[in-house]
Amino acid sequence: MRIVLAVSALALAPASAFAVDYLTAEQAGKLMFPDADHFASREIALDAAQMQKLDAAGVRARSARWPLRVAQRGDTTLGYVVVDEVIGKFELITYAVGITLDGTVKQVEVLSYRESHGHEIRLPAWRKQFVGKTVASPLKVGDDINNISGATLSCSHVTEGVKRIVAVLDLARRSGALS
């Protein structure tokens with residue numbers, strides 16, 4: 001009887017995790033800005049008015065504090081790397097976005113993917129769609145970002161996350177917080 005109960009309990013247990021760590025934040029930064037000789041940690045702090053501006057633009061900031069890494073070569077700033085997490089379908093996706101000084105997306109890297117399906121968002125062809133996008137870009141699945149069948153939620157949520165990061169950094173840049 002005990003064996004039957006144990007087997008039944010195992011059958012009802014959730015499927016095992018499929019988490020894969022691909023890169024660390026440090027590795028992603030070096031990949032995005034290979035000419036950088038160091039990365040300085042910084043934080044953007046948004047005030048209530050800035051949070052309202054983002055909300056009015058259709059971007060939910062989610063947080064008033066945004067840690068980032070400033071890619072530098074000597075005293076010259078090359079760009080910024082922001083690491084964020086969004087929910088896929090059930091699990092978190094950790095990704096990094098490299099942004100140039102003018103607010104253009106340089107690169108997107110998936111650092112950790114924990115879902116059982118949808119890992120295709122790691123494919124270079126899908127991530128390459130973000131390169132060159134700015135705050136003026138739609139950054140919307142089905143518009144300027146293609147969907148991947150079977151990874152719709154992962155595609156949508158990472159795209160929304162990239163849009164949020166681009167908007168936050170643009171706002172910080174225009175307000176002088178990134179000077």
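1. A salt bridge is taken here as a side-chain nitrogen of Lys or Arg within 4 Å of a carboxyl oxygen of Asp or Glu. In this predicted model, the side chains of Glu-85 and Arg-114 meet in such a bridge, at 3.8 Å from N to O. The pair links distant parts of the chain, since Glu-85 lies in strand β4 and Arg-114 in the loop between β6 and α4, 29 residues apart. Glu-85 is partly exposed, at 33% relative accessible area, and Arg-114 is also partly exposed, at 24%.

2. Arg-127 forms a salt bridge with Glu-109, with 3.1 Å between the closest N and O atoms. This pair joins helix α4, which holds Arg-127, to strand β6, which holds Glu-109, across 18 residues. Arg-127 counts as buried because its relative accessibility of 11% is under 20%, and Glu-109 is likewise buried, at 7%.

3. Arg-69 and Glu-26 meet in a salt bridge of 3.9 Å, N to O, which links strand β3 to helix α2 over 43 residues. Here Arg-69 is buried, at 17%, whereas Glu-26 is partly exposed, at 47%.

4. The whole structure contains eight salt bridges, and Asp-170, Arg-173 and Arg-174 are linked in a network of them.

5. The largest pocket has a volume of about 190 Å³. Its lining divides into five charged, three nonpolar and two polar residues, among them Arg-60, Val-86, His-157 and Glu-160. Helix α5 supplies the largest share of that lining, four residues, while β4 also contributes at least two.

Notes. Residues are numbered from 1 along each chain as its sequence is written. This is a predicted model: local features need pLDDT of at least 70, side-chain atom pairs count only at pLDDT 80 or more; totals for chains, interfaces and linings use all residues. Side-chain values use heavy atoms; hydrogens and water are left out. On a 1 Å grid over the protein atoms alone, a cavity is a set of points where a 1.4 Å probe fits but cannot get out, and a pocket is an open set with protein on both sides within 12 Å along at least five of seven lines; lining residues have an atom within 4 Å of a point. Grid points are joined across faces, edges and corners, and a volume is the space filled by probe spheres set on the points. Ala, Val, Leu, Ile, Met, Phe, Trp, Tyr, Cys and Pro count as nonpolar, Asp, Glu, Lys and Arg as charged, and the others, Gly among them, as polar. Buried means under 20% relative accessible area, exposed over 50%, partly exposed in between (1.4 Å probe, protein chains only).
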